[in-house]
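Open the model in your viewer and keep the selection panel at hand. The tour goes from one selection to the next.

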Amino acid sequence: MLPFLDFFGKPKVNLTSSIRKSYHWRIKQLDHLERMLLENKNALCDAIRKDSQVPASEAVCEISAPLAIIEFTRSQLREWVAPSEVKADCPCELYDLSLRDTSDSSLILLLNPAITAISAGNTVVFKADLETPATNAILDDLLPLYFEPADVAIIQIAKTF
């Protein structure tokens with residue numbers, strides 16, 4: 001896992017820029033995520049089962065559901081990124097960082113918001129949950145193989161309470 005301060009030093013441009021990522025960047029990140037899930041399905045299922053003691057069928061759903069959402073998102077993304085008229089008085093904010101937690105040992109709850117953030121052109125940072133060490137370990141190994149750390153990364157923050 002990237003040390004917290006190292007992470008925020010590397011993608012500083014991504015975090016401070018209000019420029020959205022291109023359609024092609026978004027599709028590429030979705031493709032990487034899909035490949036990561038497909039190529040490592042068994043290892044991810046094993047990690048999920050180890051962390052949460054769920055049946056194999058439920059662990060498979062933890063992979064299948066995000067894959068279906070990626071497919072749907074990819075099919076709609078061109079329409080979503082098309083320019084549209086926005087009222088001048090719209091108090092919209094742009095965010096470059098999505099910080100998610102693996103609480104409830106659910107890969108679905110971790111990946112679905114990440115898919116949304118990527119499709120919106122945002123950098124994604126996963127915050128590792130101390131209660132899911134096997135899932136954290138595999139994500140820690142896999143994410144750098146499929147993503148640039150400035151685009152998608154996982155960090156571990158120790159509990160202080």
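## Start at helix α4

Select α4 and the helices around it: the buried residues of α4 pack against α3 (23-39), α5 (56-81), α6 (107-119) and α7 (133-146). Keep in mind that this is a predicted model.

Now colour L44, C45, A47, I48 and D51, which are the buried residues of α4. Look down the axis of α4: these buried residues fall within an arc of 160 degrees, so they line one face of the helix. Next pick N42, D46 and K50, exposed residues on the face of α4 turned away from its buried side.

Step just past α4 to Q53, which takes a positive phi of about 55 degrees.

## Move to helix α3

Select α3, which has 17 residues and reaches 24 Å from its first C-alpha to its last. This is close to the 24 Å expected at 1.5 Å a residue. Its buried residues include Y23, W25, I27, L30 and L33. The cover over the buried residues of α3 includes α4, α5, α6 and α7.

## Salt bridges

The structure holds three salt bridges. Show the side chain of R74 first. R74 forms a salt bridge with D31, with 3.1 Å between the closest N and O atoms. Since R74 lies in helix α5 and D31 in helix α3, the pair ties together parts that are 43 residues apart in sequence.

R74 is partly exposed at 24% relative accessibility, D31 is partly exposed at 30%, and E34 is partly exposed at 22%.

Then go to R35 and E39, whose side chains meet in a salt bridge (3.3 Å, N to O). Both lie in helix α3, four residues apart, about one turn of the helix. Salt bridges that share partners join D31, E34 and R74 into one network.

## Zoom out

Show the whole protein chain: there are seven helices and three strands, in the order α-α-α-α-α-β-α-β-α-β along the sequence. Of its 161 residues, 40% count as buried.

Methods: Residues numbered from 1 in each chain as written. Predicted model: local features only at pLDDT ≥ 70, side-chain atom pairs only at ≥ 80, totals over all residues. Heavy atoms only, no water. Buried < 20%, exposed > 50% of the residue type's maximum accessible area, 1.4 Å probe, protein only. Helix = DSSP H or I, 4+ residues; strand = E, 2+ residues; numbered from the N terminus. Arc of directions from axis to C-beta. Contact = heavy atoms within 4.5 Å. Expected span 1.5 Å × (residues − 1). Salt bridge = Lys/Arg side-chain N within 4 Å of Asp/Glu carboxyl O.
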